[in-house]
Amino acid sequence: MLRNSHLVAQYATLFLKWKATVVRKIVIIGAGIVGCSLADELTERGELDVTVIEQGPMPAPGGSTSHAPGLVQKVTANKTLAIMADQTINKLLSVQNEEGPGFYQVGSLEVATTPERLRELHRRVAWQKAYGFDAEVITPERAAELHPVLDPTKILGAAYCPTDGLAKAVRAVQALQRLAESRGAVFKDRHEVIAIEHENGKVTGVTTDKGFFPADIVVSCAGIWGPKVGRMFGMQKAFQPLAHQLAWTEDIPSLADQTEEITIPIMRHQGADLYYRQKFKGMGIGSYLHRALPVESEEILPFDQAPIMPSQLPFTQPEWEPVMGLSAQIMPELADAKITDGMNGMFSFTVDTMPLMGEWNGLKGFWVAEAVWVTHSVGVARATAEWIIDGHPTLPVHECDVNRFEPHQLGPNHIKMRGSQNYIEVYDIIHPLQPMEAPRPLRTTGFYHRQQELGAFFLEAAGYERPHWYESNKDLVSKYPSPERDEWTSRFWSPIIGAEAQHVREQVGLFDITALKRIEVKGKGALEFLMHQTTGKLDKAPGSVTYCLMLTEKAGILSDVTVTRLGENHFMIGANSPVDVARLEKAAPDTVFIKDVTAGTVGLGLFGPNARKVVQKLTNQDVSNEAFGYFKAKSLYLDQVPATLWRLSYVGELGYEIYTDADMGLKLWDTLMEAGKEFDIIPAGRGAFNSMRLEKGYRSYGTDMTSEHNPHEAGLAFAVRKGGGYIGASAFEELDPATITRKLVCLVFDNPQHVTLGKEPVYFQGKPVGYTTSSYFGHTIGKQIAYAWVPIEASTLGTKVEVQYFEEFYPAVVSDDPQFDAAMTRLRS
Ligand SMILES: Cc1cc2nc3c(=O)[nH]c(=O)nc-3n(C[C@H](O)[C@H](O)[C@H](O)COP(=O)(O)OP(=O)(O)OC[C@H]3O[C@@H](n4cnc5c(N)ncnc54)[C@H](O)[C@@H]3O)c2cc1C
């Protein structure tokens, strides 16, 4: 016996020594719903050394989770967030503490009191169908059956999702903590992190008011304190803490019989900026009706000084004033209901409404999981754990990546302004093309004023003003008319778009492509580095251009890029976003330099059958097809302007992407427009560009394919070189294209007036099976096109499907991909 216990002690000591040397140390800052979920997810995947550091007392340390009313709804246009919400629901349904379950699956309602809102409910239900969830638009009477306080005569209908409900966040926190502790995680409450320690660009641990905790990885799950934690070491986080009103009513008559905390669905009344949840015999009401109330995280009082708790400010009656009257319009009993308790609770809004996740490029080992709702908490935590352990999460997270921001998005004033505006707009009906309205204009090129003079209608892309069409082309509409559109699809649209597209197919157009990301890669080993990072065969002569992919280890598509070899060790990459820049920077060896040159350069696309004639007029160099072929690059002078031309075009026409330094932008514009006059040049906008690129079947990263798709599924296997040597090669080589289970297909609609905008569900044999991605009218072919993800059984040519557009169903057919110039004669001519 003694001998056995001696052996056990010996093994235990050996294990601890091994653990200390081999096992990585992960410190999580914050034990709200995100931090606790992350500790659970990490330890569930076998992480052995996880410490959660929390400044307040557990299990309700005083962050947003400690008082969240807990409404969880899956509905969103964003597929990743919808799935994250579903993961949260399923996880919280499985946990409980002594007080009860972590989740009440009572369902959710969203009510409409205007025809516009009722129509919007159909769009919202359609998103749920698109992503595989069940929801429906129901009658007022059915809504009132589900929700006894609701007056059915005051609403026009409701969206109902039976699987949504209410999270009991503090119970869940406690249950998740216990699960993580049972697998070895350590929780230290009443420990405040006061410094993030690092050496040689890598995190080494955190210092708390009670001592130092070494770490290989630190994950900040500090919620509204996130900006403060970031500022400890110079990191600016693109979100704003804001105060938000929540109050509780006294008991109301219709709920007098209620004995459970909640049995009736949670409810949103977006038309009034309000939401509701039952609490026993009373009601909780949350309001987005009031002005934005930004808070700085350094100003949040510590636990022992806060009047209620750190993340709560006292209730302010003036902001609440209209709430009860508006509520009474759909729930008359609330007219007389008194408020028994209320607060201005704090939570976070990012500049683009998406959460912050991932390892920050500025400090190796420093990760973030912040600006996360209870709704997405488990999903974000799961993805973060997978990201840390497997190198990339199962779900696509590029829209959540902490490295996704342009420099202007990290300015304190911008963050406050955008965070506040996103708070105000949270329940608004947002059109898919609706741009950020302020601050604008923000980023402009040297030819911006020329575009204004030509009557450009601008949308915004990466902060740039980007023309969508030009009023100067309006006379072309009589020559190239477009089908009529309904009110919704006519927003941010003009028939001029169609006229521009068709004119470019016949003559030539000048497109502003400045907003596309350009990355310079230079230095010894640059070729080998890029051959490893991308699937391209890049070891070709300088002057060649290669379209290729960046893959995850599991062969999911991380990005699609165009790589131009400018010199032996000098490359220019056309990429998608700052996330691509960060990925390359992180992986680059010391000898290879990565530079985002987008802001220092401009890009103009000269596309159309006359493009070569325009260029030839401006240079003595031979730019014939023989001398300057397809997918080649040349640096030359266009009259006075030093420029680099890539002979390719995303719109499927003969043409060039032309780049020059920003200071030569205006001159380049004027030079091309002047030289193009005799060849019928027009300025053409992004609307025409999108229509033309879809006719040609060119995919757009993030919209058409993401990391959840492999190259075979997305129809991009041609962009993967043979012979391996790139990230994801082994996984890609193991894939059998004959056994893929889903596919990106081209749908063509039966009726040209059936215009859709993307993210609509696709029905096959009466059931929702997939969703559309890019969707535009193809003006050359005279038909509406949508690309769509469908299961393989619905992917064969000629398959008949239906696409749901609001409450209508549009017939469409799986058709040839691409619809225009499959033989590539125009591009190669
Ligand atoms: C009034 C109100 C209503 C809401 N309603 C809903 C809703 O219905 N549905 C929904 O999904 N979401 C809702 N939210 C939002 C939701 O509550 C939050 O988004 C979510 O709780 C954030 O969780 P978290 O774990 O990221 O942050 P928190 O819960 O704030 O946890 C962060 C933790 O980090 C700790 N911490 C911070 N800095 C340090 C440091 N330096 N050292 C140690 N510890 C530190 C804090 O003490 C805190 O406990 C609501 C929020 C409010 C205010």
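How many disulfides does a search of the whole structure find? The answer is zero. Please keep in mind that this is a predicted model.

A disulfide needs two cysteine sulfur atoms within 2.5 Å, but the cysteine sulfur closest to that of Cys-400 belongs to Cys-221 and is 14 Å away, so a bond is ruled out by distance. Cys-400 is buried, at 1% relative accessible area. Cys-746 is buried as well, with a relative accessible area of 1%.

| Residue | Relative accessible area | Class |
|---|---|---|
| Cys-400 | 1% | buried |
| Cys-746 | 1% | buried |
| Ser-700 | 19% | buried |
| Val-186 | 36% | partly exposed |

Now to the nonpolar cores. The largest of them has 47 residues, and Ile-28, Phe-187 and Val-219 have the most contacts inside it. Several elements supply at least two residues each, including strand S1 (26-29), helix H2 (33-44), helix H3 (79-93), strand S15 (217-220) and helix H10 (377-390). H10 gives the most, with seven residues. Val-219 illustrates how these parts of the chain meet: leaving aside residues up to four places away in sequence, its contacts include Ile-26, Ile-28, Leu-38, Trp-367, Thr-384 and Ile-388. Another core lies apart from this one; it has 32 residues, and Trp-225, Ala-243, Met-346 and Val-351 are among them.

In sequence, Val-186 and Thr-51 are 135 residues apart, yet their C-alpha atoms are 4.7 Å apart in space. Beyond residues up to four places away in sequence, Val-186 touches Val-50, Thr-51 and Val-52.

Next comes an open sheet. Which order do its five strands follow? The order is S29-S30-S31-S28-S32, and the pairing is antiparallel. Strand S29 (545-551) and strand S32 (593-596) are at the edges; each has a single partner strand, so one side of each has no neighbour in the sheet. On average, and with direction ignored, neighbouring strands are turned by 30 degrees against each other. Within the sheet, strand S28 (residues 517-522) and strand S31 (residues 570-575) run antiparallel and are joined by six bridges. Lys-522 stands opposite His-570 in S31. Helix H16 (residues 578-587) packs on the sheet, where it touches S28, S29, strand S30 (557-567), S31 and S32, and its direction makes about 15 degrees with that of S28.

The buried residues of H18 are Gly-665, Leu-668, Trp-669, Thr-671, Leu-672, Met-673, Ala-675 and Gly-676.

Finally, is Ser-700 buried or exposed? Buried means under 20% relative accessible area, and Ser-700 has 19%, so the residue counts as buried. Ser-700 is found in the loop between helix H19 (686-695) and helix H20 (711-714). Not counting residues up to four places away in sequence, Ser-700 touches Tyr-650, Arg-693 and Met-705.

Technical notes
Residues numbered from 1 in each chain as written. Predicted model: local features only at pLDDT ≥ 70, side-chain atom pairs only at ≥ 80, totals over all residues. Heavy atoms only, no water. Buried < 20%, exposed > 50% of the residue type's maximum accessible area, 1.4 Å probe, protein only. Helix = DSSP H or I, 4+ residues; strand = E, 2+ residues; numbered from the N terminus. Pairing = 2+ DSSP bridges. Axes fitted to C-alpha atoms, helices over the stretch in contact; angles between N-to-C directions. Contact = heavy atoms within 4.5 Å. Core = buried A, V, L, I, M, F, W, Y, C linked by side-chain atoms within 4.5 Å.
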